[in-house]
Amino acid sequence: MNPDFRSRQMLEGHILHTMHFYHPRAIDASGGFYHFFLDDGTVYDAATRHLVSSTRFIFNYAMAYRHFGDDDYQAALRHGVAFLRDVHRDPATGGYAWQLTWQDGAKTVEDGANHCYGLAFVLLAYAHALQAGMTEARAYLDETFELMEQRFWLPEHGLYADVASADWATLDGYRGQNANMHACEAMLAAFEATGEARYLHRAETLAHNITVRQAGLANGMIWEHYKPDWAIDWDYNLHDKSNIFRPWGYQPGHFTEWAKLLLIMERHSRFMAGPSDWLLPRARALYDTALAKAWDGAHGGIHYGFGPHDEICDGDKYFWVQAESFAAAAVLATRTGDDAYWRSYDKIWDYSWTHFVDHEHGAWYRILTPENQKISNEKSPAGKVDYHTMGACYEVLNVLKGAA
């Protein structure tokens, strides 16, 4: 019998079960965290460090410390921020290495390109570090916001560009919604950490320009890829439907993730620069569309991607899509009082509990086939670290607290 997925006890217990998979085995005493884990927790690559994992671990430890108050989590948080500042960050350029090798206390930069997606997670990490009591992180927040402003902000479009060379000399022509979505997430976190309106107003601009303006080019849905003038690029990665950061096709997981972010923003509506009455309708439309087009009625779960003709272009099931979607369902249920969203929440959790959660070792499997079979024993390669699953549980705990 499955547990009550709406209970605080279940959600907190699940977070701790997941944390116990990573902690303390993820900590590299020589610096930072290990990023690659097999299903049983074995580290299968001790040297490679990716900016997305380094920052998501900081989020995980900051949230765990704030919620459970374990001093070991606070120490791990400081350990992670130190690695981000001292190893990923290049003091000469202000940028952060996308990927590096860390061996015997020395780094070799493998990919020094600057990614807006990466800086969004740097900003998010500092915001949560500040929330967890690291007062020095406030200056890091200011610094990162200004860096993004200087290097990636496109005022004529009201959105961020995506990638620049390590020396900032070349700005790539690719434009994408993914980096802007996570920048919006980070700006909301920065506002909640500091109370500074500039962060909320930037989040508001990003959200409106992606979920309303750009979505208006695709019948209200959010395409992932754009040309330098922000016209839709329907052919980008046409034959790469499982690219980790830039897959072709609509991403239903991003629809639901945006739905969650829009309603988090709505909580701060009295501080917004403009009206907020568009947030709930867009959140409902994005969530409802994602579930209508991508829920697998035969095997359960939400497919990874669908094309312009509503065809499923990638039928695999990804852990983060399910997690972001149950979080969005809970936020919508609480906001609207519509019990259909709670039923959707329970359905996604029931599926995930059965197929994705590793009840023996902890954490979630990463990708399943359309028939819900595992595709490998690599539970957490670079970028995963179960930031989505634990973050989703914290958000549900947040709305349950507000509803109590």
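Arginine 78 has a relative accessible area of 36%, so it counts as partly exposed. Please keep in mind as you read that this is a predicted model. The partner of arginine 78 is glutamate 136, and the two side chains form a salt bridge whose closest N and O atoms are 3.0 Å apart. This pair ties together distant parts of the chain: arginine 78 belongs to helix 3 (residues 71-88), while glutamate 136 sits in the loop between helix 4 and helix 5 (137-151), and 58 residues separate them. Glutamate 136 is also partly exposed, with a relative accessible area of 31%.

A second pair joins arginine 89 to glutamate 143, with 3.3 Å between the closest N and O atoms of this salt bridge. Here too, distant parts of the chain are linked: arginine 89 lies in the loop between helix 3 and strand 4 (99-103), glutamate 143 lies in helix 5, and the two are 54 residues apart. Is arginine 89 buried or exposed? Its relative accessibility is 17%, and buried means under 20%, so arginine 89 counts as buried. Glutamate 143, at 28%, counts as partly exposed.

## A bridge within a helix, and a network

How many salt bridges does the structure hold? The count is 22. One of them brings together the side chains of arginine 343 and aspartate 339, at 3.2 Å from N to O. Both residues belong to helix 11 (residues 339-355), and because they are 4 residues apart there, about one helical turn separates them. Aspartate 339 has a relative accessibility of 38%, so it counts as partly exposed.

Salt bridges can also share partners, and in this way Arg138, Asp142, Glu146, Glu196 and Arg198 are joined into one network.

## The largest pocket

If you are looking for open space in the model, the largest pocket holds about 650 Å³. Its lining is made up of 25 residues, and those nearest the centre are Met63, His128, Tyr394, Glu395 and Asn398. By class, the lining has 10 nonpolar, 9 charged and 6 polar residues.

Which helices each supply at least two residues of this lining? They are helix 2 (51-68), helix 4 (116-131), helix 6 (177-194), helix 8 (252-266) and helix 12 (387-403). Helix 12 gives the most, with 8 residues.

## A closer look at helix 6

Just after helix 6 comes glycine 195, which takes a positive phi of about 80°.

Strand 12 and strand 13 (residues 312-318) run antiparallel and are joined by 3 bridges. Which residue of strand 13 stands opposite histidine 303? That residue is lysine 317.

Technical notes. Residues are numbered from 1 along each chain as its sequence is written. This is a predicted model: local features need pLDDT of at least 70, side-chain atom pairs count only at pLDDT 80 or more; totals for chains, interfaces and linings use all residues. Side-chain values use heavy atoms; hydrogens and water are left out. On a 1 Å grid over the protein atoms alone, a cavity is a set of points where a 1.4 Å probe fits but cannot get out, and a pocket is an open set with protein on both sides within 12 Å along at least five of seven lines; lining residues have an atom within 4 Å of a point. Grid points are joined across faces, edges and corners, and a volume is the space filled by probe spheres set on the points. Ala, Val, Leu, Ile, Met, Phe, Trp, Tyr, Cys and Pro count as nonpolar, Asp, Glu, Lys and Arg as charged, and the others, Gly among them, as polar. A salt bridge is a side-chain nitrogen of Lys or Arg within 4 Å of a carboxyl oxygen of Asp or Glu. Buried means under 20% relative accessible area, exposed over 50%, partly exposed in between (1.4 Å probe, protein chains only). Two strands pair if DSSP finds at least two bridges between them.
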